[in-house]
Amino acid sequence: MTRGIYFAGHNAIEEEPNMKIIMLGAPGAGKGTQAKKIAAKYNIPHIATGDIFRANLKEGTELGKKAKEYMDQGLLVPDELVVDIVVDRLKKLETGYVLDGFPRTIPQAEAHTAILKKVGKKMDYVLEINVPDENIIKRMSGRRVCLNCGASYHLEYNPPKTENVCDECGNELVLRIDDAAETVKKRLQIYHDQTQPLIDFYSGTGVLRTVDGTLEIEEVFQNIVKILGE
Ligand SMILES: [Zn+2]
């Protein structure tokens with residue numbers, strides 16, 4: 001199909017840079033990877049909340065200082081402050097965006113929806129990258145890294161030539177604590193507790209699309225493109 005056919009429709013090409021997308025997906029589901037690919041193809045910025053927080057902390061902005069007070073005490077940054085920090089970044093944008101790591105809670109999602117509504121806008125898509133927990137645990141717990149040179153391997157998908165030895169530098173390979181099955185299970189539980197209400201929230205507004213994240217990275221991306229349009 002030629003691009004021209006889409007031109008008059010709701011997927012008009014000139015509108016694409018305004019597409020607003022939220023990514024949902026468990027840690028290890030490949031959400032960040034897909035968000036980067038979407039950002040590149042549709043020419044919209046990839047807004048990763050982790051990056052915004054780090055930038056605010058590094059630049060010592062008012063918002064960053066406030067967030068730091070909570071983080072220094074080992075407390076969660078409250079929803080209102082998270083919203084302020086993200087909205088501060090979003091309002092500098094003339095385009096759409098692909099949000100990665102926000103919203104995480106219902107109050108955050110409600111605040112974001114209200115802000116968009118105020119300026120007569122709405123989310124276009126909420127993409128859930130769905131990977132069963134068992135697959136994620138298998139993916140993560142098979143990872144091995146070299147602490148000497150930073151090379152990474154996977155016992156099943158990308159094994160080193162010699163068992164437990166780095167191909168690059170000969171150092172011993174280790175399983176990072178973050179990748180250990182018990183740690184991953186805990187993070188997945190937190191993810192499900194937080195995210196299920198968000199999935200319910202967005203499925204009620206008709207923008208939620210679920211993508212099978214167990215496929216190869218390229219296949220997952222092609223399925224996303226089918227949803228978003230060429
Ligand atoms: Zn190495």
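Q: Hi! By class, how many nonpolar, polar and charged residues are in the lining of the largest pocket?
A: Hi! This is a predicted model, and in it the lining of the largest pocket has 19 nonpolar, 13 polar and twelve charged residues.

Q: Nice. What volume does that largest pocket have?
A: Its volume is about 1,100 Å³. Among the 44 residues lining the largest pocket, K31, T49, G101, R104 and Q194 are the closest to its centre.

Q: OK, on to the second largest pocket. How much space lies in there?
A: About 560 Å³. Its lining has 18 residues, and G28, R139, Y157, L215 and I217 lie nearest the centre. Two or more residues each come from α1, α6 (133-141) and α8 (217-228), with α6 giving the largest share, three residues.

Q: Switching topic: which protein donors does the zinc ion have?
A: The SG atoms of C146, C149, C166 and C169, lying 2.3 Å from the ion. Along the chain these donors follow the spacing C-x2-C-x16-C-x2-C. C149, in the loop between β5 (143-146) and β6 (152-154), and C169, in the loop between β6 and β7 (173-174), link distant parts of the chain, 20 residues apart.

Q: What geometry does the site have?
A: Tetrahedral, with angles of 99 to 117° among the four donor atoms.

Q: Why does C149 count as partly exposed?
A: Because its relative accessibility is 41%. C169 also counts as partly exposed, at 34%.

Note on methods
Residues numbered from 1 in each chain as written. Predicted model: local features only at pLDDT ≥ 70, side-chain atom pairs only at ≥ 80, totals over all residues. Heavy atoms only, no water. Donors = N, O, S within 2.8 Å, 3.2 Å for Na, K, Ca; no water. Tetrahedral: all angles 85-135°; square planar, octahedral: opposite > 155°, others 65-115°. Helix = DSSP H or I, 4+ residues; strand = E, 2+ residues; numbered from the N terminus. Buried < 20%, exposed > 50% of the residue type's maximum accessible area, 1.4 Å probe, protein only. 1 Å grid on protein atoms, 1.4 Å probe; cavity = no way out; pocket = protein on both sides within 12 Å on 5 of 7 lines; lining within 4 Å. Points joined across faces, edges and corners; volume = space filled by probe spheres on them. Nonpolar A, V, L, I, M, F, W, Y, C, P; charged D, E, K, R; others polar.
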